[in-house]
Amino acid sequence: MELQEWTRIFKMKAMNLQQDHSWHLEFDESLVPDSPNSGWQQYIRNTSARFRCSACGRSWPSNRVMVVFHMRLTYGQGTVKVRRFRQNCKNCQAAPMENPSISSDNINILMENLVKKIRIKCYHEQLEKADRPFVNLDVKSPHEPAHCEACMAGICTRS
């Protein structure tokens with residue numbers, strides 16, 4: 001299951017953070033972009049993913065998939081909350097929003113970039129700001145803002 005893969009890869013990447021600190025990752029669909037709770041830091045990242053409509057079975061790729069992270073370190077306990085923004089099918093009436101299916105390569109890149117942001121924002125390390133780019137998918141059709149949860153939230157084009 002993909003969520004377990006996120007957790008496994010995050011644990012692996014976070015092992016290089018301060019030894020006596022423990023970090024964990026949790027998925028939170030209620031995260032609001034640009035509104036982290038007091039004491040929390042935010043990181044927003046774009047990646048690519050595939051989607052599949054649970055109504056008609058149609059699938060489509062997207063290189064405009066937003067992921068929002070809110071992170072906090074208190075008393076040696078680090079928490080990262082993650083929200084993956086969804087899309088829905090342009091062919092179905094009242095299509096449900098579908099979660100993205102992100103490749104292992106891109107989960108690895110997301111987690112590598114996230115741990116770097118933790119080092120900058122929570123440990124105040126001076127690191128270069130550039131993120132490692134994600135692996136693009138071959139997308140034939142234009143992005144559809146009316147079917148993108150991140151567009152509706154006003155964060156879609158951010159990297």
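Let's start with one lysine: Lys117 is buried, at a relative accessible area of 10%. Buried here means under 20% relative accessible area, exposed means over 50%, and partly exposed is in between, with a 1.4 Å probe and protein chains only. We will come back to Lys117.

A word on the source. This is a predicted model, where local features need pLDDT of at least 70, side-chain atom pairs count only at pLDDT 80 or more, and totals for chains, interfaces and linings use all residues. Residues are numbered from 1 along each chain as its sequence is written, and side-chain values use heavy atoms, with hydrogens and water left out.

Now the layout. The chain has three helices and four strands. These are DSSP runs, numbered from the N terminus: helices are H or I with at least four residues, strands are E with at least two. In sequence order the pattern is α-β-β-β-β-α-α. Of the 159 residues, 45% count as buried. The C-alpha trace spans about 50 × 30 × 30 Å along its principal axes.

Next, the aromatic rings. How many aromatic pairs does the structure hold? It holds four. Rings of Phe, Tyr and Trp (its six-membered ring) pair if their centres lie within 6.5 Å; planes under 30 degrees apart are stacked, over 60 edge-to-face, and the rest tilted.

Take Trp6 and Phe27. Their ring centres are 5.6 Å apart and their planes stand at 75°, so this pair is edge-to-face. Trp6 sits in helix α1 (residues 2-14) and Phe27 in strand β1 (residues 22-27), 21 residues apart. Are these two buried or partly exposed? Trp6 is buried, with a relative accessible area of 0%. Phe27 is partly exposed, at 26%.

Now the pair of Trp23 and Tyr123. Here the centres are 6.4 Å apart and the planes at 55°, so the pair is tilted. Trp23 belongs to strand β1, while Tyr123 lies in the loop between α2 (104-121) and α3 (149-152), 100 residues apart. Trp23 is buried at 9% relative accessibility. Tyr123 is buried too, at 17%.

One more ring contact. Arg84 lies over the face of Trp6, 6.0 Å from the ring centre. The rule asks for NZ of Lys or CZ of Arg within 6 Å of the ring centre and within 35 degrees of the ring normal.

On to charges. Side chains of opposite charge can pair when their charged atoms come close. This structure holds eleven salt bridges. Each is a side-chain nitrogen of Lys or Arg within 4 Å of a carboxyl oxygen of Asp or Glu.

Back to Lys117. Which residue does Lys117 meet in a salt bridge? Its partner is Asp131, at 3.3 Å from N to O. Lys117 is in helix α2 and Asp131 in the loop between α2 and α3, 14 residues apart. Asp131 is partly exposed, with a relative accessible area of 22%.

Arg132 and Glu112 form another salt bridge, at 2.8 Å from N to O. Arg132 lies in the loop between α2 and α3 and Glu112 in helix α2, so the pair ties together parts that are 20 residues apart in sequence. Arg132 is partly exposed at 39%, and so is Glu112 at 33%. Lys13 joins Glu112 and Arg132 in a network of salt bridges.

Last one: Glu125 and Arg119 meet at 2.7 Å, N to O. Glu125 is partly exposed at 29%, and Arg119 is partly exposed at 30%.
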